[in-house]
Amino acid sequence: LRGCRLHKYKVYFAIPLIAWLLIIILFSSSLAILYLTLFEVCHAKRLWLQQTYPALFLGISPLVMAFSAWCCLYFSPGASGSGHELSSQFLTTSPAHLTFQKEGVLQKYFSLRIIIVKMASSLLGVIGGSALGKEGPLVHIMTALWVLFSKRFSYFSLETALIVGSSLGFAAVFSSPFIGFIFMIENFGFKIFKKKISWHLASFTGMAIVCLLTTKFLHYHTPFPTQNLDFMHISYLVPAISIVVFTGMTGMILRYALTQGQTWMNSFTPRQKIVCPLIGGMMIMALGFYGGNDVMAISNEEMTRNLNNHGIYHFWPLLGQLVNLIVAYTIGCAGGLVYPALALGSHLGSAFSGFYPSLDGRFFCCLSMAAFLSILTRAPLTAAVIIVDITGYDPLILPLLAGSLSVNFINRVKSQPT
């Protein structure tokens, strides 16, 4: 099988490739479904424990959060944080013809240990009350899995494995191959169309199968159905610009806080790094004690409530989730930033719409969610497509694109190169 080359355009050479491709895709889909199912189960059990035995939950929450951070700290430091940007950063800082000569870098970020530690840390964080999301770990897990497959089989290069794995992970979270395709183009550019036919088979077939299986087994549906939005009026222009600017400034401050928190954590001594997760867990426990379930974790019900009850300003959930997100990310827990960005954006949009009671506040919620997501992920096209997909209202695409691209442009102008 290692001697087969698809570029010879012989059918019997392509059969082994297609067979192994289907096996790899099915295995990837099974792992994605397993992780997403465990994530939802852990979230439900945490909610049940917090409502049924609040004292017990507040007692074990700091320890669980500390164990979530210690998993990454001692077993695999490369597993901390989100991980959805690792593939594009790795390809940007490495030559296009990169091989597996840099085993140290690959072992740190894309290995079997990474997969296990990433899943364990993310699930423990959910049980402990972390506000981090599930999309970052899944993207990192799928990318590491495809890198392992590319090391075992010679059909795919490392570059192909990084691109396909991360795109499949993003598509699996939202059960949408179109989101995975947009994410792939935005992060890796149009050079992806110059790859071999094996890459196209892997990417498009994989995204279709993964999304089909996740929709079938996880019963995916449009989380926040939004219809009949009336925003095509001149009176929406000034409020829309205001909410985009305000959300963009808030997102840039949050991104700076997350970056500085990681830098601050890395400057500690090993002994101090042992104590910091415990202190962070106690801070999150205190947030849960005063704020309840609204500040402990991100849920679809919370964002649906903000979309439907626009104009009602809840200061504590917004502040509590901001602090929770910064603390969990700083101490080194594994988790994504997409779902927290959506939740924080919905809070900001719901509060802002109270200043304009005569206008449809759902539009401001959607616009704020897209702008906040664009800032945290630096992917404006993907942010706009995600909001359209989860709301199911296609006419929103143009204003969402305008808002996302605007805040992303301001962020790139103001940010220093890293």
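Trainee: Which residues is K118 in contact with, leaving aside its neighbours within four places in sequence?

Mentor: Contact means heavy atoms within 4.5 Å. By that rule, K118 touches A79, S80, G81, S82, G83, G136, P137, H140, I141 and A334. K118 itself is found in helix α5, residues 112-128; helices (H or I, at least four residues) are DSSP runs, numbered from the N terminus. Please note that this is a predicted model, in which local features need pLDDT of at least 70 and side-chain atom pairs count only at pLDDT 80 or more, while totals for chains, interfaces and linings use all residues. Residues are numbered from 1 along each chain as its sequence is written, and side-chain values use heavy atoms, with hydrogens and water left out.

Trainee: Is K118 buried or exposed, and how far away is the nearest side chain of opposite charge?

Mentor: Buried means under 20% relative accessible area, exposed over 50%, and partly exposed in between (1.4 Å probe, protein chains only). A salt bridge is a side-chain nitrogen of Lys or Arg within 4 Å of a carboxyl oxygen of Asp or Glu. For charge, Lys and Arg count as positive and Asp and Glu as negative, while His and the chain ends are not counted. K118 is buried without a salt bridge, and E135, the nearest side chain of opposite charge, is 9.8 Å away.

Trainee: Which residues touch the most other members of the largest nonpolar core?

Mentor: A nonpolar core is a set of buried Ala, Val, Leu, Ile, Met, Phe, Trp, Tyr and Cys residues joined through side-chain atoms within 4.5 Å. The largest one has 104 residues, and F174 and L400 touch the most other members. Helix α15 gives the largest share of this core, 12 residues. Beyond its neighbours within four places in sequence, L400 is in contact with C366, L367, A370, A384, I387 and V388.

Trainee: Where does H233 lie, and how far is it from L359 in space?

Mentor: H233 is in the loop between α9 (197-218) and α10 (237-266). Its C-alpha is 9.8 Å from that of L359, although the two residues are 126 apart in sequence. With 49% relative accessibility, H233 counts as partly exposed.

Terms used. Helices (H or I, at least four residues) and strands (E, at least two) are DSSP runs, numbered from the N terminus.
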